[in-house]
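Please have the sequence and the structure open while reading.

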Amino acid sequence: MEKIPVLGLGTWKAAPGDVTEAVKVAIDVGYRHFDCAYLYHNESEVGAGIQCKINEGVVQREDLFIVSKPGGKDLPLDRSGMVIPSDTDFLDTWEAMEALVTAGLVKAIGVSNFNHKQLERLLNKPSLRFKPLTNQIECHPYLAQKNLINFCQSRDVSVTAYQPLGGSSEGVDLMDSPVIQAMAQKHQKSPAQILIRFQIQRNVIVIPKSVSPERILENIQVFDFELTEQDMNDLLSLDRSLRLTTFPTAANHKDYPFHAEY
């Protein structure tokens, strides 16, 4: 089975003019996992950064785990970027993705934003040929996703946390949390490093996004300390089911995932 490096570089909202250099810096400091998507409109620039480092001999292609997500004419997208199989079921869409594995075009396939009922339905598909390697979901202490993570891991499906550093919503910024600020001070780390380490200790893959060389380096310097059990419980206690990415234009679709409890 393919293995996903536990820490990757997210490229959502990374401007094409910035992301090539960001990818080069990331490879130089040790990143081997890159999260991309057709919708991000910067995949060619990500590829340019990767190709540059391959040409320099810093890495080989087989060293890298590169994630993409379909879109455009291949699979219909709603305006928010959520894959919407308009005249088919999402299980049919999965079969189309399985064909990519069979053809040797990709090594593994996964899902994103699946709730536990949708994942169960996929895993119970009688003709399932390839299990999803991961379920990529929004996850941070304000949306801890404990039940969904437990469900995925109990079914041998890994979890990848996007937006792990949170963000501002209705004046709420995760980085301003006194709990996280105090924890960062205690461990002599940044709030971002605390949030990344939190996911790693939950056996969750984490893909913080940055184009700043300083932050790209800082975000990978999370393997020289450990959060205590009390730290982990304190972070989990911040959960308020605050979802920052809601795909509102897809809210009325039959496969909209966020109406379920988890």
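Is Phe247 buried or exposed? Phe247 is buried, with a relative accessible area of 13%, where buried means under 20% relative accessible area, exposed over 50% and partly exposed in between, for a 1.4 Å probe and protein chains only.

## Basis of the values

This is a predicted model, in which local features need pLDDT of at least 70 and side-chain atom pairs count only at pLDDT 80 or more, while totals for chains, interfaces and linings use all residues. Residues are numbered from 1 along each chain as its sequence is written, and side-chain values use heavy atoms, with hydrogens and water left out.

## The aromatic pairs

The whole structure holds 2 aromatic pairs, a pair being rings of Phe, Tyr or Trp (its six-membered ring) with centres within 6.5 Å, called stacked if the planes are under 30 degrees apart, edge-to-face if over 60 and tilted for the rest. Phe247 and Phe258 are stacked, because their ring centres are 6.1 Å apart and their planes stand at 25 degrees.

Phe258 is likewise buried, at 16% relative accessibility. Phe258 also forms an edge-to-face pair with Tyr256, at 5.4 Å centre to centre and 75 degrees between the planes, and Tyr256 is buried too.

## Charges over rings

A charge sits over a ring if NZ of Lys or CZ of Arg is within 6 Å of the ring centre and within 35 degrees of the ring normal. Arg243 lies over the face of Phe258, 3.8 Å from the ring centre, and the charged end of Arg240 sits over the ring of Tyr142, 3.9 Å from its centre.
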